[in-house]
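Thanks for making time this morning. I would like to walk through a few side-chain contacts with you, so please have a look at the model first.

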Amino acid sequence: MSKVPDLKTIVAFNTQRSLSNTLNLMISEKNRQKVFLLFVALWSVSLLSSCHAQSLNKEQLKNSFLVDVRTPEEFSEGSAPGAVNIPLHEIPNRLNEFKGKKHIVVFCRSGNRSAQAQRILKENGFNNVINGGSWQAVANILDKNSESK
């Protein structure tokens, strides 16, 4: 088993090398695949969250149960009009609040926590859940909808 060089040695040795080559030395072959998969996953989440928000329309929001899954502190700084705050970590204990809702739209700061909330709700039998992405995207759609009334 070869010894991994310390950071000073790597930097000194790689002054003429590209950042990519330096990272390749620091990340083992086994971990390189994990880093790549993590990058792809994070990129996918950011792409999906923006796509969900763009696909929402007036009809979907009109009678939807709007749920902001951010913390109470984040919620107090602003949210979509008519939204209730059910933080992500509380969803499993508050499933009764979702029963009987025709449409559910969950959202957060970026779409990551709302994707997790959507998964939790679907695992518990709620198939009428849309990930709205960011709260700003949902609020913008509601603002546009109120202007067109």
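Which side chain does Lys-99 join through a polar contact of 3.0 Å? That partner is Asn-96, where a polar contact is a pair of N or O atoms within 3.5 Å, one able to donate a hydrogen and the other to accept it within protein, with residues adjacent in sequence counting only if both atoms are side-chain atoms.

Before going on, please note that this is a predicted model, in which local features need pLDDT of at least 70 and side-chain atom pairs count only at pLDDT 80 or more, while totals for chains, interfaces and linings use all residues. Residues are numbered from 1 along each chain as its sequence is written, and side-chain values use heavy atoms, with hydrogens and water left out.

Lys-99 lies in the loop between strand 2 and strand 3, strands being DSSP runs of E with at least two residues, numbered from the N terminus. Lys-99 counts as exposed because its relative accessibility is 54%, the cut-offs being over 50% for exposed, under 20% for buried and partly exposed in between, with a 1.4 Å probe and protein chains only.

Now to the rings, which pair if their centres lie within 6.5 Å, taking Phe, Tyr and the six-membered ring of Trp, with planes under 30 degrees apart stacked, over 60 edge-to-face and the rest tilted. The count by this rule is two aromatic pairs. The centres of Phe-65 and Phe-98 are 5.6 Å apart with planes at 75 degrees, so this pair is edge-to-face.

Key: Helix = DSSP H or I, 4+ residues; strand = E, 2+ residues; numbered from the N terminus.
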